[in-house]
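Good morning, colleagues. Please look at the structure as it comes up.

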Amino acid sequence: MRRISRALGRVAAVLLSAAALVVVGWIAYSAITGATLVIFRTGSMSPTMPQGALAIAEPISASDIVVGDVVTVDRSDEGRQPITHRVIEIREGSVPGSAEIRMQGDANPAPDQEAYVVTDVMRVTWSMPGLGTVLMVLQSPLGMTALTLLAGTLTVWAFWPAPAAARPSNEVARDDAR
């Protein structure tokens, strides 16, 4: 039983260490590049990026946009969520350094109603189906509660003193000498 407990402890430590490295790596990468995470809440980009997909988007200037890029732009209506669709047309913008782009979701039968005038956008460079759903669940109150309980349980388990019979013989001898 102790062997199983130790093995599970090692596996948990490795998984937690790997997760911590991923988080620290992401924080460093996003700080250096300005990259952000995009969660697809609708199926407008299916099947390429279905509902629940997670994507990494990096900033680019309007001059670097090409037809076929999947980009995230802010909508002109204040308070509305940004939109992430594929660029289907690019025109020179009225302001120097800007572009007017038309976009369409891969699953949408028609282009977006409005064109977007942009000086920079966030271009999707990587995506993974389903990972956005996992992240949304982890960010929910239930997910945060579960993560907190898991962290607390692992912390208590890691620092809980072992029974005297399970300690190496030199530790038992030191305890008896006190």
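Let us begin with threonine 84, whose place is in strand β4; helices (H or I, at least four residues) and strands (E, at least two) are DSSP runs, numbered from the N terminus. This is a predicted model, in which local features need pLDDT of at least 70 and side-chain atom pairs count only at pLDDT 80 or more, while totals for chains, interfaces and linings use all residues. Residues are numbered from 1 along each chain as its sequence is written, and side-chain values use heavy atoms, with hydrogens and water left out.

Threonine 84 has a relative accessible area of 9% and is therefore buried. Buried means under 20% relative accessible area, exposed over 50%, and partly exposed in between, with a 1.4 Å probe and protein chains only. Which residues does threonine 84 contact, leaving aside its neighbours within four places in sequence? They are Val38, Phe40, Met45, Val70, Val71, Thr72 and Val124, where contact means heavy atoms within 4.5 Å. The side chains of threonine 84 and threonine 72 are also joined by a polar contact of 2.6 Å. By polar contact I mean a pair of N or O atoms within 3.5 Å; within protein, one must be able to donate a hydrogen and the other to accept it, and residues adjacent in sequence count only if both atoms are side-chain atoms.

I turn to the strand pairing. β3 and β4 run antiparallel and are joined by four bridges; two strands pair if DSSP finds at least two bridges between them. Valine 73 has isoleucine 83 in β4 as its bridge partner. β4 and β5 also run antiparallel, with six bridges, and glutamate 89 is partnered by arginine 102 in β5. Six residues lie between the strands of this hairpin, where glycine 97 takes a positive phi near 85°.

Next, the largest nonpolar core. It has 13 residues, of which Ile65, Val73, Ile101, Met103 and Val121 touch the most other members. Such a core is a set of buried Ala, Val, Leu, Ile, Met, Phe, Trp, Tyr and Cys residues joined through side-chain atoms within 4.5 Å. β5 contributes the most, with three residues.

Finally, helix α1, residues 2–33. Its buried residues, Gly9, Ala12 and Ser30, pack against α3 (141–159). Just after α1, glycine 34 takes a positive phi of about 80°.
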